[in-house]
Amino acid sequence: MAPPAARARYNANKADNQILTKKPPKRLNGNKDAAGVAVAGNKKEKKNKNSATAPNATDKTQSSPNPIMPSVHTAFKTFVSARLCSAIWAYISDCDETFNYWEPLHYIINGHGLQTWEYSPQFGLRSYTYLLLQGVPGWIYQKLFNPSPILIFYMIRCMLGFGCALMERFMYKSICQEFGIHVGRLWLIFQLFSVGMFVSSTALLPSSFSMYFGCSALAAWWQQRYSLAIFFTAISALLGWPFAALIGVPLVLELLFRQRDWRTFIQWTLISGLTIALPMIAIDTKYFGKLTFAPLNIVWYNVFTSHGPNIFGTEPLSYYILNGFLNFNIIWLLALQLPIMLLMDYLIVPAKFKSTLNFPRYISLAPLYLWLVVFMAQPHKEERFLFPVYPLISLCGAITVDVYQRIFFRIKTLVFKIKSGVHYLDHSMFIAIIVMVASTLLGLSRVFALYRNYHAPMDLMLELNQFKNSPQYRPDEIYNVCIGKDWYRYPGSFFFPARNFRLRFLKSEFRGMLPAYYTEGANATQVVHPYFNDQNLENEHMYFDYDQCHFLLDFDEGKYTTLEPSYSRRTKDWSIMKSLPFLIPEKSHKVLRAFYVPFLTDNHIKYGDFNLLKRKKTRNVS
């Protein structure tokens, strides 16, 4: 049951749940029940009318349901459990995460890794400060225990999951205070079984980092802790992703023009700049060898250059619509309906009390819809661009469910003449239960499908540990693990069993810019390489000699070209070390490949073989 303090907050912010009548309901000794409805007419009240002046009398005579609220500590435990599951079972869905973050982090911790053009000093689009925040714990772990690299990878992932759970704990408490316990517990369920949160919560991406601190800023704002909200927004935008500052725009406007508190804004903007931006500039300048402010560079490249990000591909508006449904199923559809449903709620439900504690909903929920308007209008679209507002999608979906419940109860009240004083949740909880069950089943189905369909590359890389433990392994030799057309599915150097393994790229039909290894020696991050460019142009320097490969990762999906042959059929050169199934999307049913349905999915999808190949003749390569 909810603790007394939580019930008191519920009393304050759920006054709109009552059913108003022409005459105000009588109060029992001046008190109301948990939803703001009078408790007169309750049979138990009549029996105890003479003792109604007792301090706890109203606790015994409430006619509305006493809301069951999981405590903040209970919610935190469930969040931690869900995020640790993500750390262990989620696959890396974005090659940008591998090459722009895991690989440079591997360089910082283990002394070698792949470098992308964004980390070239001539461009300086990525910040080493962000990497150090994640990398220092891994570096300490490596120095103290010298573990296998894969253990460092999963340690960092678990750390990210724990950080996400902390954000969700803070947000859950704030939602229960600002929007009510019923919305809070709906949000809790939606978050736990959200596919979007499963993917984003442990991703080593600035957009995930911005989700942690951007949503924490909103949680602080809803509690009117403006200084903390500004500071968290600054962390999200400066150390994470600069475009995440968009989340803070409604916050700042509300502070400046509604609260008229310019002093707090100016003061904490300066504090944030001094404590975040200046150390960041100092660290990045040291790494790049010249004055560098990465957030400014990435904004300049994406907004003010002639080519910008569109050279990496463009997508129609439907991309985010479909992606949102895959990650949040019906909750996404409910969240998109919320502006219309709030208008209907205002027109149909006669409650005139404010439904939130501190802000009108058009202010407190503005960050999500501002974000969607801006990013849906951009031609270049990627799934990770929506990460910072994922918790808000769950929140708006929960509020929409609550609105449906109140509208349903209002209509039922008019049709069946329900007496005043009855709480709307007594008659509409089935709506919330149906949505929770449906979204949970769809979420679990999607997570299971993702693991079955796309986890093979990570599992194959672990098989190299078997080779390291075999008599054929020599610790003084460099082993070249080659990859061709499937370069974007490579999970990262942390999956190599030792430091003497290197990823090599084979020429394929891909004609874009690939990463290259940091140079050996000191100050490698300061070296400007001639083969990097900011226009995604191919460079032959990145390609490796096929005859010098010791291992090869290749997905055999039945389509071959001269540059993309079936390596596994070259039996004179290769033996199959391990083979795992991997989805062929073009040959699979669109719905049943996206959601796992027992007894149906396996009959309507097609898998190819993702192979780890080992060369039969070992070459001595320096």
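Modeller: Thr-400 counts as buried because its relative accessibility is 0%. Buried means under 20% relative accessible area, exposed over 50%, and partly exposed in between, with a 1.4 Å probe and protein chains only. The model is predicted: local features need pLDDT of at least 70, side-chain atom pairs count only at pLDDT 80 or more, and totals for chains, interfaces and linings use all residues. Residues are numbered from 1 along each chain as its sequence is written, and side-chain values use heavy atoms, leaving out hydrogens and water.

Thr-400 sits in helix H18, residues 390-416. Helices (H or I, at least four residues) and strands (E, at least two) are DSSP runs, numbered from the N terminus. The side chain of Thr-400 reaches back to Cys-396, 2.8 Å from its backbone oxygen.

Now set aside neighbours within four places in sequence. Thr-400 is then in contact with Leu-334, Ala-335, Gln-337, Leu-338 and Met-341. Contact means heavy atoms within 4.5 Å.

Take Met-341 from that list. Met-341 belongs to helix H15, residues 318-348. Its relative accessibility is 5%, so Met-341 counts as buried too. Leaving out residues up to four places away in sequence, Met-341 touches Thr-400, Val-403, Tyr-404 and Ile-407. Val-401 is 60 residues from Met-341 along the chain, yet their C-alpha atoms are separated by 9.5 Å.

Next, the whole chain. It has 23 helices and 7 strands. Of its 622 residues, 56% are buried. Among contacts with a separation of 6 or more, 78% join residues 24 or more positions apart. The accessible surface is about 27,200 Å², and carbon and sulfur atoms hold 62% of that surface. Such areas come from the Shrake-Rupley method with a 1.4 Å probe; for residues, only the protein chains shown count as cover.

The whole structure holds 3 cavities of 30 Å³ or more. The largest cavity has a volume of about 130 Å³. It is lined by 16 residues, and Leu-125, Arg-126, Ser-127, Pro-206 and Gly-240 are the closest to its centre. Helix H11 (226-240) and helix H14 (294-304) are the elements that give two or more residues to this lining. A cavity is a set of points, on a 1 Å grid over the protein atoms alone, where a 1.4 Å probe fits but cannot get out; lining residues have an atom within 4 Å of a point. Grid points are joined across faces, edges and corners, and the volume is the space filled by probe spheres set on the points.

How values were computed. Polar contact = N/O pair within 3.5 Å; in protein donor to acceptor, adjacent residues only side chain to side chain. 1 Å grid on protein atoms, 1.4 Å probe; cavity = no way out; pocket = protein on both sides within 12 Å on 5 of 7 lines; lining within 4 Å.
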